[in-house]
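Subject: A structure for you to look through

Dear colleague,

I am handing over the structure below, and I would be glad if you kept it open while you read. My notes on what was found in it follow directly after.

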Amino acid sequence: MGYLLKNASILDGNNNLIKTDILIEKDVIKKIEKNISNDQHEVFEAEGRLVTPGFVDLHVHLREPGGEHKETIETGTKAAVKGGYTTLAAMPNTRPVPDTIETMEFVQKRIKETASCRVLPYASITTRQIGKELTDFSGLLEKGAFAFTDDGVGVQSAGMMLKAMKEASKNNTVIVAHCEDNTLLPKGGAFHEGQFTEKEGLPGIPSVSESVHIARDVLLAEAANARYHVCHVSTKESVRVIKDAKRAGINVTAEVTPHHLILSDKDIKSNDTHYKMNPPLRSESDREALIQGLKEGTIDFIATDHAPHSAEEKKQDVELAPFGIVGLETAFSLLYTELVLNKEVLTLQELVDMMTRKPAESFKLPFGTLLEGAKADLTVVDLNREEAIDAKAFVSKGKNTPFDGRICKGWPIATIFEGKLVYNKEESFV
């Protein structure tokens, strides 16, 4: 018994849509061809809607353990499948941090018990993410650690980062870095050092606080022969450094978020903490450089940096409110509307690749493809559906988004994970 998707539209690799049927048996795509006859399978009538590989997001915050008032593995993965995602990588800035085998075992247990999709947990590079002592890389990998990051804080010591990269190289794993030099950060900085902070008379976070760490790290990665990945790139200088590193043959990959591709500091509204994220929204020229970097392959893929917070936390003064916005439920529709339809800077094929195949390839994951024999992780998208983003209707506990009320086209309406229907917006679809 399995599923048969009839009259699906799929991309052919060259931005052309072709009509086909897709047969799923157990957790595998069994057959992709026109007019598959049905004997015993449950039929989904796709009616020409786009079917893509399940989206892959390698940068999310699920907050469990320790931050369950913001999000849990259960609520975060429900939000993910609503947004079309079937694979997530969960950041380790939880309490406790997954820096021990015991905590990693607890996280894996919670994933098994409560997740609606695949969750790959990061372990931290250093104990409690404070940059003083390396964690047990080999032991944590044995317990299923996906890769290593101190995301949320940059590893401040070059010596410690070099040790981490050597350990990662020895264990054939990846160092994933939040790049930020704390000595370059102003007290109370919440937004980019640019036109918004000048107008408001606020301390600004300079671009160089990010790019200088990336420049340091790519050279350390070269010295250690390590695989290195840069989180949420936000500045044109960072793009330039990564481009130069790739030209030099250094094994570096990078990601960018939907909000940094769509917004810049000219969009920030005074005293609205929904525009406060780290890294901050940069200048318009930075935003344009990020898009160009994505198109040319300097930046490898898109990740949401889904960062839920409670309404009470975000209602605090700008200086006190936490950094971060949510993104799992809105990423595809926002990017499709703003960058494919409105600005025409990405093709539909490019967008889908950046959210499926490219992140999987960057981390050598066997997901993100729509091929016979592949895992049956699929997302069904209605490219013609138009509706406003409604934060109150989010499945995520976090409602913190600056995009509330924005009208978007192209919404995921069904998600299949490992051959099982895990989200269905329209009961009539089945």
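In helix 11, Ala 331, Phe 332, Leu 335, Tyr 336 and Val 340 meet Leu 348, Leu 351, Val 352 and Met 355 of helix 12, where contact means heavy atoms within 4.5 Å. By class, this contact of helix 11 with helix 12 has nine nonpolar, no polar and no charged residues; Ala, Val, Leu, Ile, Met, Phe, Trp, Tyr, Cys and Pro count as nonpolar, Asp, Glu, Lys and Arg as charged, and the others, Gly among them, as polar. The axes of helix 11 (residues 331-342) and helix 12 (residues 348-355) come within 10 Å and cross at roughly 150°; axes are lines fitted to C-alpha atoms, for helices over the stretch in contact, and angles run from 0 to 180 degrees between N-to-C directions. Helices (H or I, at least four residues) and strands (E, at least two) are DSSP runs, numbered from the N terminus.

Please keep in mind that this is a predicted model, in which local features need pLDDT of at least 70 and side-chain atom pairs count only at pLDDT 80 or more, while totals for chains, interfaces and linings use all residues. Residues are numbered from 1 along each chain as its sequence is written, and side-chain values use heavy atoms, with hydrogens and water left out.

Turning to the rings, the structure holds nine aromatic pairs; rings of Phe, Tyr and Trp (its six-membered ring) pair if their centres lie within 6.5 Å, and planes under 30 degrees apart count as stacked, over 60 as edge-to-face and the rest as tilted. One of these pairs is Phe 191 with Phe 196, which is edge-to-face, at 5.0 Å centre to centre and 75° between the planes. A stacked pair is formed by Phe 332 and Tyr 336, with 5.8 Å centre to centre and 10° between the planes.

Finally, Thr 235 lies in the loop between strand 13 (227-230) and helix 7 (236-247), and is buried, with a relative accessible area of 0%.

Methods
Buried < 20%, exposed > 50% of the residue type's maximum accessible area, 1.4 Å probe, protein only.
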